[in-house]
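Here's a quick walk through a few spots worth looking at in this protein. Keep the viewer open as you read.

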Amino acid sequence: WRDWSSDVCSSDLAANRMSCTNNLKQMGLAFHGHHDTFGAFPSGGLAWTADRLMINGTPAAFDKQTWGWAYQILPFIEQTALYQTPQGTAPGGDVTVASTPVKTYNCPSVRGGTTFPYSQSTWSSVANGRRAMADYVGNGGSWGSWSAFNAASNSLDGPLKPSGFPVRLAEITKGTSNTLLIGEKYINQIRATSSPDCNDDQGWTDGWDNDTICFAQGSSSTSPVTPPQPNGRVGTCGLIFGGPHIGGLQALQCDGSVRSVSYSVNTAMWLIYCQASSGGVLDLSSF
């Protein structure tokens, strides 16, 4: 007689990890497809309070779009129909889009498609308004204000920036294979499938906000560098990376490849890894 339970569990974990890796690779292809089409990566959008920007009935492009990168790459992950959903009565079509789970944006080790009731900002009068959650976040760099959208105050150094600040591959001077683009988001395991949390309430369409953007230094310019954390049992507004996998974060790099980054990665190396134009030398031995 043999107890197969441990084998099944191990097999499921491996399958989930592979599925997560494939999700990230799809997003990497989408970012590069966007760059081929528009000459730049998608942007991180603008303020979380803004509805989707449509211009003459067409979604605004990355340089003006208020919604974030996950909305902007929809046409490149075979979700063009969802991307082009008419706006309708305010917010109308926005509710349809934002409440639709996208399989690519959920890691099966965390949850499947999950939506939560939503009544913030302009949605307060929307009956049955909901938003679909995502388990991945873009890399904003070291740290930076998500409300200062003018060139004089823009100190962001990641491969994702707010609308109006295009990021081109040539500007990732440290090398695209040495720079984080998208990683998994730290999620409160207790609430992940039942109720919204501080960094898990606006959903995958979110603009420049902690549902879709994280930083090496977490929540402020004076915060210590925080390596990715294994998903836990407490909430967070800390804008930090994390994940459900044993041992480390699944990370998409700017060249489209995926690597695992240890939860115990050296903090100096993690900071360099998150910076698109760092002069530091990345030592991958601690990854």
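## Ground rules

A residue is called buried under 20% relative accessible area, exposed over 50% and partly exposed in between, using a 1.4 Å probe and protein chains only. This is a predicted model, where local features need pLDDT of at least 70 and side-chain atom pairs count only at pLDDT 80 or more, while totals for chains, interfaces and linings use all residues. Residues are numbered from 1 along each chain as its sequence is written, and side-chain values use heavy atoms, with hydrogens and water left out.

Let's start with N23, which counts as buried because its relative accessibility is 6%. N23 sits in helix α1, residues 5-38. Helices here are DSSP runs of H or I with at least four residues, strands are runs of E with at least two, and both are numbered from the N terminus.

What does the side chain of N23 reach? It gets to the backbone oxygen of T104, at 3.4 Å. That falls under polar contacts: pairs of N or O atoms within 3.5 Å where, within protein, one must be able to donate a hydrogen and the other to accept it, and residues adjacent in sequence count only if both atoms are side-chain atoms. Setting aside neighbours within four places in sequence, N23 is in contact (heavy atoms within 4.5 Å) with K103, T104, N106, C107 and Y136.

## The cysteines

There's one disulfide in the structure, a disulfide being a pair of cysteine sulfur atoms within 2.5 Å. C198 and C237 are the partners, with an S to S distance of 1.6 Å. They are 39 residues apart and link distant parts of the chain: C198 lies in the loop between β6 (180-184) and β7 (213-214), and C237 in the loop between β8 (229-230) and β9 (242-243). The torsion about their S-S bond is about 115°, so this disulfide is right-handed. C198 is partly exposed at 27% relative accessible area, and C237 is partly exposed at 44%.

C107 is in no disulfide, and its nearest cysteine sulfur belongs to C20, 3.7 Å away. C107 is buried, at 1%. C274 is in no disulfide either; the nearest cysteine sulfur there is that of C214, at 9.5 Å. C274 is buried too, with a relative accessible area of 0%.

## Helix α5

C274 also belongs to the buried set of helix α5 (residues 267-274), along with M269, W270, I272 and Y273. These buried residues pack against β5 (136-139), β6, β10 (248-253) and β11 (258-262). At the start of α5, a side-chain oxygen of N266 comes to within 2.9 Å of the backbone nitrogen of A268.
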